[in-house]
Amino acid sequence: MTARERTLDLPGHRVAAIEWGPEDAQPVLALHGWLDNAASFARLAPMLESLHLVALDLPGHGRSDGLPAVCSRHFVDWVPVVLEAADAIGWQRFSLLGHSMGAGISTLVPAVARERIERLVLVEGMGPLSSPAEGAPEQLAKALRSEVVIALKEPSVHQDLEAAIAARMKNSDLDHASARLMVERGVEQIARGVRFTFDPRLKTSSRMRLTEEQVLAFLERIECPVLAVRATEGWPFPEQIVARRLGAIADLRTAQVEGGHHVHLTNPERVAPLIREFVGV
């Protein structure tokens, strides 16, 4: 199935995307993980040929514009981006497919726009990061300190594409071919070599996090069917928190597949059948 590049003009910024499938098929908006990009779904999407899947480069990632000048990088700030992107495509109702950070964002959207979300697929993610309420002052202080450091730091430059791929593979479950897919979309050539195009501010701490009680409140408001997929060698989520979050979702199916955190990219054949069955195609 041929991939198509797409650009969405949202209020104040431009978002790039990759699109697969017939335009009259079931609409699915795909959201990638932190510092990844739309190519995260490049191997999975062709296996979902009966869907119209649009994978975004979230702001500050891939080929999209950088983050707005004033941006807190809070999970709730991504919610309007998702809804604005769907509006720009022309979708009133659609499903969400999120990986990691994208899965965290995806759990917030149906809680505030429940009439628009058909189904929700979460891969290696079960809501946004949370922190106790009493930790909020230090969380803000930590974020402001990290913003000063990032502002003064020169972006890393890699000798060539292969060096950038090697850097992306460090501390990751990505194999070379999988890393290459995302790196090719997420770097630019400069005089001294190549550098990643993600907004450096994405590497700062969040100024604010939801409390666990607030996360659960969002999950409890999800009315659409949800499929949560976890990998056997995936992110080490605290099991007690995962259990509480899963228990808060009314209409839930769960599945476990063999693989690492990016299993939807490294081994998409293990994830695609679950999604096809879940959406009924």
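**Notebook: surface, fold and helix α4**

I began with the surface: the protein chain exposes about 12,800 Å², and carbon and sulfur atoms supply 52% of it. Those areas come from the Shrake-Rupley method with a 1.4 Å probe, and for residues only the protein chains shown count as cover.

A note on what I am working with: this is a predicted model, where local features need pLDDT of at least 70, side-chain atom pairs count only at pLDDT 80 or more, and totals for chains, interfaces and linings use all residues. Residues are numbered from 1 along each chain as its sequence is written, and side-chain values use heavy atoms, with hydrogens and water left out.

Next I looked up the secondary structure and found nine helices and 10 strands in the protein chain (DSSP runs, H or I of at least four residues for helices and E of at least two for strands, numbered from the N terminus). The radius of gyration is 18 Å, close to the 19 Å from the globule rule for 281 residues, so the chain is as compact as a globular protein of that length. Here the radius is taken over C-alpha atoms, and the rule is 2.2 Å times the number of residues to the power 0.38.

Then I checked burial: 52% of the 281 residues are buried (under 20% relative accessible area, 1.4 Å probe, protein chains only).

Last, I turned to helix α4 (residues 161-169), where A164, I165 and R168 are buried. They sit on the same side of α4, because their arc around the axis is only 100 degrees (from the directions between helix axis and C-beta atoms). Their cover includes α5 (176-185), β7 (187-190) and β8 (193-196).

Note on methods: Buried means under 20% relative accessible area, exposed over 50%, partly exposed in between (1.4 Å probe, protein chains only). Contact means heavy atoms within 4.5 Å.
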